[in-house]
Amino acid sequence: MKHMPCLEINLTKIEENARRTVEKCAGMDIEVLGVTKGFAALPRIVKAMQLGGITKLADSRLEHVIALRKQHFSQSITLLRIPQLSSIDDVLTYTDCSINSEYEVIKALSEKAVTKGIHHDIILMIDVGDLREGVLPEEAADMAVKVAGLPGVIIRGIGTNMGCYGGILPTIRNLNLLLETKREIEEKTGIVIDIVSGGGTSSLKLVESGDMPAGVNQLRVGEGILLGTDTTHDREIPWLHQDAFLLRTEVIEVKTKPSVPIGETGKDAFGNTPVFVDKGLCDRAILALGKQDVNLEGLIPADPNISILGGSSDHLIIDVTNAEDRVKVGDLVTFRLNYQGLLTSSNSKYIKKVYVK
Ligand SMILES: *Cc1c(COP(=O)(O)O)cnc(C)c1O
């Protein structure tokens, strides 16, 4: 379908980002799990990550994991969302490891693992402040003691998540809290905790500066490898590519019009009251792309002189008054993506995926 917007995926850049991340972390004895949820675990992208040295995968969606298994990806896969009680059987069948924080869920994993005659690894999540998943540090050792008594499940490690809900930055202080919690768990349970999983892309900054506390030995990285950005720190990661994914779509109208709509104002197509700044006349282009295709807030015009004015289900309106090249009907306009843009365009059936090397 020639007319569809296309997501151009540069496999070489993804491979290079993966390799640089793996090497930088290996220098501090940290293994990297390649997180595949940001691109719907599309197999060619997973393979590019693996070519770059990623040996273990992680995803938050069981559907993605099952699809990977059907395509004969046999590597270790960690489930990055607490298992649902209704998914226990599939979690045990398709994943090697899952993150957990609820005794009830771990007990269900244990019982089912015993009936299946298998073992399942768990990473006990500790909430060091971001307030998404995890046991509070002061409750972690008691929880670990209870879990250690369950057959069929092995506490392989502990982990934490940051920069997701609360926007909390990984720091020497909160990662040391994780390491203290590990020591407490080891003392109380007598088990050795192999893995200390210290977050995702936002933790790379401590690796770069050499400040990652010794003992943190795993990171789960998606955004950095895919987009070369670190949203939590609001930065581009200087040693990674930012343009492995580009979204291109076609211009269907270009006109010079006022910057403020004319007439009485009601609600827009989504029930919001729009607000406009009067910048006088501007050159506006309409693109064949809308909210039905991708989360428009996830798009970043590749030409910094182009700005996004707004959009509806099927139209995206941009200001091309100062565009580097004159924009005309039939042209393709290119966007970089943030995580939301990547997530939604990867999953969109209206967006064609084109792989380049
Ligand atoms: C999504 C996710 C990650 C990866 O985060 P990035 O910022 O993309 O590196 C890591 N851990 C958990 C639990 C996640 O849900």
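Author: What follows starts at the ligand and then turns to the cysteines and the rings. The model is predicted.

The ligand has 13 residues around it, and those that come nearest are K37, T201, R220, G222 and E223. Sorted by class, this shell holds five charged residues, four polar ones and four nonpolar ones.

In the side chain of K37, an N or O atom is 2.6 Å from an oxygen atom of the ligand. The side chain of R132 also takes part, with an N or O atom 3.2 Å from a ligand oxygen. E223 contributes through its backbone, where a polar atom is 2.8 Å from an oxygen atom of the ligand. As for cover, the ligand taken alone exposes 380 Å², and 91% of that is buried by the protein.

Next, the cysteines. A disulfide is a covalent bond that joins the sulfur atoms of two cysteines. The count of disulfides in this model is zero. Take C97: the closest cysteine sulfur to its own belongs to C164 and is 17 Å away, which is too far for a bond, because a disulfide needs the two sulfur atoms within 2.5 Å. C97 is buried, since its relative accessible area is 7% and the limit for that label is under 20%. C282 is buried as well, with a relative accessible area of 4%.

Last, the rings. Searching the whole structure gives zero aromatic pairs. Two lysines do lie over ring faces: K24 is over the face of W239, 4.8 Å from the ring centre, and K291 is over the face of F270, at 3.9 Å from the centre of that ring.

Definitions and conventions: Residues numbered from 1 in each chain as written. Predicted model: local features only at pLDDT ≥ 70, side-chain atom pairs only at ≥ 80, totals over all residues. Heavy atoms only, no water. Near = heavy atom within 4 Å. Polar contact = N/O pair within 3.5 Å; in protein donor to acceptor, adjacent residues only side chain to side chain. Areas by Shrake-Rupley, 256 points an atom, 1.4 Å probe, with all protein chains shown as cover. Nonpolar A, V, L, I, M, F, W, Y, C, P; charged D, E, K, R; others polar. Buried < 20%, exposed > 50% of the residue type's maximum accessible area, 1.4 Å probe, protein only. Phe/Tyr/Trp six-rings, centres within 6.5 Å; stacked < 30°, edge-to-face > 60°. Lys NZ or Arg CZ within 6 Å of the ring centre and 35° of its normal.
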